[in-house]
Amino acid sequence: MNSKKATRRTALAAGLALALGLGVAAQASAGAPRSVSGSPDDNITRIADFYGAYVDAESDLDSGGGKLATELRKYYLTPAYLKKLRAWENKNHADGVLQAQNTPMRWKVTDNGTADHTEATVTLTWGGGVTTKLIVDMTRTTHKIFHIGTKGIGGK
């Protein structure tokens, strides 16, 4: 093959990859290192830590959550809410933290801001890119989750 044909083929392949978005994905993965930060005093960090660890525990192919998921619930949820969550799970036959029967592929936590407690939206992304949103409420004093649902305690 002559060099002119090889150059055209290379340019065509690169153009096709960019048109299909393949170049963008490859470029993003080769970018600068990512960083994540947080603080134990910040409730949004705590909610994100909880959902990150919980999804990791539930995604574990060896144990499917088990003891770690149970311990995370005990640590991050108020005892009163843990009882309510178990009742919800028995009634709905689903995981109350995720409000689903399976485990999402990704999660994102966004601060909704409130005065007397912290309210956050947790967006769970499932296979195929489908998302669901949960509202999570946490006390400002004990940093414990006291509500998870499709609406916040204020009804929003």
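Me: Where is the place of His 143?

Reply: Helices (H or I, at least four residues) and strands (E, at least two) are DSSP runs, numbered from the N terminus, and His 143 has its place in the loop between β3 and β4. Please keep in mind that this is a predicted model, in which local features need pLDDT of at least 70 and side-chain atom pairs count only at pLDDT 80 or more, while totals for chains, interfaces and linings use all residues. Residues are numbered from 1 along each chain as its sequence is written, and side-chain values use heavy atoms, with hydrogens and water left out.

Me: Is His 143 buried or exposed?

Reply: Buried means under 20% relative accessible area, exposed over 50%, and partly exposed in between (1.4 Å probe, protein chains only). His 143 has a relative accessible area of 16%, so His 143 is buried. Its phi is near 60°, a positive value in a residue other than glycine. His 93, in the loop between α5 and β1, has a phi near 55°, which is again positive in a residue other than glycine, but His 93 is exposed, with a relative accessible area of 62%.

Me: Which pattern does the protein follow along the sequence?

Reply: The protein has 5 helices and 4 strands, and reading along the sequence gives α-α-α-α-α-β-β-β-β. Of its 156 residues, 35% count as buried.

Me: What should helix α3 span, and how far apart are its end C-alpha atoms?

Reply: The expected span of a helix is 1.5 Å times one less than its number of residues. Helix α3 (residues 43-59) has 17 residues and should therefore span 24 Å, which agrees with its end C-alpha atoms being 24 Å apart. This helix is mostly covered, since 13 of its 17 residues are buried.

Me: Which residues touch the most other members of the largest nonpolar core?

Reply: In soluble globular proteins, nonpolar side chains tend to be buried together. A nonpolar core is a set of buried Ala, Val, Leu, Ile, Met, Phe, Trp, Tyr and Cys residues joined through side-chain atoms within 4.5 Å. The largest one here has 28 residues, of which Ile 47, Phe 50, Tyr 51, Leu 77, Val 97, Leu 98 and Ile 148 touch the most other members. Helix α3 gives the most to this core, with 8 residues.

Me: Which residues is Ala 48 in contact with, leaving aside its neighbours within four places in sequence?

Reply: Contact means heavy atoms within 4.5 Å, and by this rule Ala 48 is in contact with Trp 107 and Val 109. Ala 48 has its place in helix α3 and is buried, with a relative accessible area of 17%. Ala 48 and Thr 110 are 62 residues apart in sequence, yet 8.9 Å apart in space, C-alpha to C-alpha.

Me: Which residues line the largest pocket?

Reply: Rolling a probe the size of a water molecule over the atoms shows where empty space is left. On a 1 Å grid over the protein atoms alone, a pocket is an open set of points where a 1.4 Å probe fits, with protein on both sides within 12 Å along at least five of seven lines, and lining residues have an atom within 4 Å of a point. Arg 34, Val 36, Ser 37, Gly 38, Thr 45, Ala 48, Asp 49 and Trp 107 line the largest pocket, and α3 supplies the largest share of this lining, 3 residues.
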